[in-house]
Amino acid sequence: MKILAIHGSSRPNGNTEQLTTKALDGLDATHIHLREFNIQPIDDLRHEPGGFRSVEDDNDRIVDLMLEHDIIVFATPVYWYGMSGMMKDLIDRFSQNMRDDRYDFKAELRKKKAYVICCGGDNPKIKALPLIQQFNYIFDFVDLEFGGYIIGQANKPGDIADDHLAMQQAVELNQLLKK
């Protein structure tokens with residue numbers, strides 16, 4: 001089973017990345033950091049004659065990686081009660097991916113499972129729930145099975161180590177994925 005972790009944080013080795021690393025420790029996982037890629041915002045031309053135009057960025061590379069893996073972990077800090085802008089740009093481009101003739105994006109995602117790992121500092125166990133619901137709706141729309149989520153409480157670098165529940169949930173997810 002191949003796992004792809006898509007990290008949406010602008011901060012290297014931040015709390016969300018640490019929690020995700022704990023969850024995927026010892027597993028065959030590929031980690032990519034959106035801050036190292038160029039993903040252009042969507043130019044929504046789906047209703048225009050000719051539809052979407054080709055975009056010279058790294059979206060295709062990330063889609064290829066998604067299609068090569070069995071499990072996709074979307075890891076994002078909670079920024080203003082939602083996913084990071086980098087993650088949102090990637091998700092917005094799903095509209096374009098679903099109309100790409102090179103593959104059947106939804107049919108391919110239907111074969112996969114997704115997890116969400118997020119961290120925030122302002123009561124995220126409650127205030128990040130709309131973010132989890134948003135991912136749930138996204139996954140439902142693209143027929144991607146939602147395996148579960150972890151919400152960590154962390155603000156300053158390293159704070160995630162003090163969220164014993166989230167750290168335990170990461171261990172439990174790790175054990176589940178090892179089966």
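**View A. Salt bridge between aspartate 163 and lysine 125.** In this predicted model, aspartate 163 forms a salt bridge with lysine 125, with 2.9 Å between the closest N and O atoms. A salt bridge here is a side-chain nitrogen of Lys or Arg within 4 Å of a carboxyl oxygen of Asp or Glu. The pair links distant parts of the chain, 38 residues apart. Aspartate 163 sits in the loop between β5 and α8, lysine 125 in helix α6. Helices (H or I, at least four residues) and strands (E, at least two) are DSSP runs, numbered from the N terminus. Aspartate 163 counts as buried because its relative accessibility is 8%. Lysine 125 is partly exposed, at 28% relative accessible area. Buried means under 20% relative accessible area, exposed over 50%, and partly exposed in between (1.4 Å probe, protein chains only). Residues are numbered from 1 along each chain as its sequence is written. Local features need pLDDT of at least 70, side-chain atom pairs count only at pLDDT 80 or more, totals for chains, interfaces and linings use all residues, and side-chain values use heavy atoms, leaving out hydrogens and water.

**View B. Further salt bridges.** The whole structure holds eleven salt bridges. In one of them, the side chains of lysine 113 and glutamate 145 meet at 3.6 Å, N to O. This pair also spans distant parts of the chain: lysine 113 lies in strand β4 and glutamate 145 in strand β5, 32 residues apart. Lysine 113 is partly exposed, at 26% relative accessible area. Glutamate 145 is partly exposed too, at 45% relative accessibility. Lysine 127 and aspartate 122 form another salt bridge through their side chains (3.1 Å, N to O). Both ends are partly exposed: lysine 127 at 36% relative accessibility, aspartate 122 at 35%.

View C. Helix α8 covers residues 164-178, 15 residues in total. From first C-alpha to last it reaches 21 Å, close to the 21 Å expected at 1.5 Å a residue. The expected span is 1.5 Å times one less than the number of residues. Ala166, Met167, Ala170, Leu173, Asn174 and Leu177 are the buried residues of α8. They lie on the same side of α8 because they cover an arc of only 115° around the axis. The arc is that of the directions from the helix axis to the C-beta atoms. His164 and Leu165, on the other side of α8, are exposed. The cover over the buried residues of α8 includes β1 (3-7), α1 (15-24), β3, β4 (113-120), α6 (124-127) and β5 (145-153). Contact means heavy atoms within 4.5 Å.

View D. Helix α2 comprises residues 59-68. Its buried residues are Asn59, Ile62, Val63, Leu65 and Met66. Their arc of only 160° around the axis puts them on the same side of α2. They pack against β1, β2 (29-33), β3, α3, α4 (94-97) and α5 (105-109).

**View E. Nonpolar surface patch around tryptophan 80.** Tyr79, Trp80 and Tyr81 form a nonpolar patch on the surface. Together they have about 420 Å² of accessible area. Patches take residues with over 30% relative accessible area and no salt bridge; like charges are joined within 9 Å, nonpolar side chains (Val, Leu, Ile, Met, Phe, Trp, Tyr) within 5 Å. Areas come from the Shrake-Rupley method with a 1.4 Å probe; for residues, only the protein chains shown count as cover. Tryptophan 80 lies in the loop between β3 (71-77) and α3 (85-92). At 80% relative accessibility, tryptophan 80 counts as exposed.
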